[in-house]
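Morning, everyone. Please look at the screen.

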Amino acid sequence: MAGNLAASLNGDSQSAAIDRSALDAALREQGPEFFESLTERPHLFSNAVFFVSAAQLAQMRNVIAAVESIVRLPKWQILPTTGQVNALGVFYGYDFHLNAEGAHLIEINTNAGGAFLNALLQHSQRDAHIPGTTFAPNTEQAFLDMFRNEWRLERGAAPLATIAIVDEQPQQQYLYPEFLLAQRMFERAGINTFIADPAALEARADGLYCADRRIDLVYNRLTDFALQQHTALRGAYENNQIVLTPHPQAYACYADKRNLARLSDATALRALGAETHAISALQAGLPLTREVHGADREQWWNERKQWFFKPATGFGAKAAYRGEKVTHRVFDEIMQHDYVAQKFAAPGERMINVGEAGPAPYKSDVRCYVYDGNIQLIAARLYQGQTTNFRTPGGGFALVRIVD
């Protein structure tokens, strides 16, 4: 069984917890606007530590390496006819469920949230004595270098002067606090930075502007992955007037969930020219995923309890359903839209004491933040219910520690 020690620690509600006072001090150091933004997000951070075995970490690395090698194959890529072609895309999120059978990749995201918040959480615990402690030497510098590299890949040695962090109604987004962290990081590096709604962007003949400042790079947090609803931003991207990261091509190659069906099809991967070891890693670490077709309605209904249904272009677990819980009404909706079905892989579990109720089981998933194939940061999300929700007292982002 994978991760006996990790499972034992996760099953003990009395095992290591974070130093909450140290975290609170680190949060206050970010300034009053940042700290105030947390008051409406009380379940952003969990006090619990989530433990991952060295074997599970090794398997996650193997799965990530396999995906990266396959996506780079010429037959996988569909190169854009306009816009940038070299930028890689920041903050790929590889999300895993870890259980007794190992690590199971459940999805890939290309504008994965939470990296700045988890880096702050990790940094705040640098003096805590927690088993498995392995702190990255300078995560913030790695993040800054990543954005500079995106710029360099498209613009060479030209100076990077202005960045816009773009999302719809950014102050209303649940992860708005990390937009503030990103803005502060960029500005400490001498880069003028806006946090902006797409409506605040103005297309001009010579580029994209915000508050009369020409934008060099857009850190894209929109969930309109193809930019179909944001013509000014899409036009600037297609005309190569900005560096956009992550960009629509990254989403198409990695995060469209129909790619999970391609990645779990060994025969199709061999036809693409994938290496045998990459196929083996995915067969072991990616649950079988298939595209859902209404013509197979009866079969899907009969087998529904084995599957988890996800919108092909969905995000944030919206309209995603565990098959054994779907009603006839929901099943009808699934059959009428573009969905994939993934063999159910149980999430990990962490026992947590919250209030006077005593120990309670929390589900977990583990996110690896990846750039250019390299893991920059690993974090867990603890929750109750069907999907990650940041609404569960005691849940939220959790510190990850690796144990042998």
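I will go through some salt bridges here, pair by pair.

A caution before the pairs: this is a predicted model. Side chains of opposite charge can pair when their charged atoms come close. How many salt bridges does the count come to? The count is 16.

Take arginine 72. Its partner in a salt bridge is glutamate 68. The closest N and O atoms are 2.6 Å apart. Now, is glutamate 68 buried or exposed? Glutamate 68 is buried, at 6% relative accessible area. Arginine 72 is partly exposed, at 43%. The cut-off matters here: buried means under 20%. Glutamate 68 is buried because its 6% falls under 20%.

Next pair. Arginine 204 meets glutamate 202 in a salt bridge, 3.3 Å from N to O. Arginine 204 counts as partly exposed, at 30% relative accessibility. Glutamate 202 is partly exposed too, at 40%.

Now aspartate 332 and arginine 297. Their side chains form a salt bridge, with 2.3 Å from N to O. Where do the two partners lie? Aspartate 332 is in helix α14, residues 328-336. Arginine 297 is in helix α13, residues 297-303. So this pair ties together parts that are 35 residues apart in sequence.

Last stop, a network. Which residues are linked in it? Salt bridges link Asp95, Asp365, Arg367 and Arg381. Please find those four on the screen. That's my tour. Thanks.

Terms used
Residues are numbered from 1 along each chain as its sequence is written. This is a predicted model: local features need pLDDT of at least 70, side-chain atom pairs count only at pLDDT 80 or more; totals for chains, interfaces and linings use all residues. Side-chain values use heavy atoms; hydrogens and water are left out. Buried means under 20% relative accessible area, exposed over 50%, partly exposed in between (1.4 Å probe, protein chains only). Helices (H or I, at least four residues) and strands (E, at least two) are DSSP runs, numbered from the N terminus.
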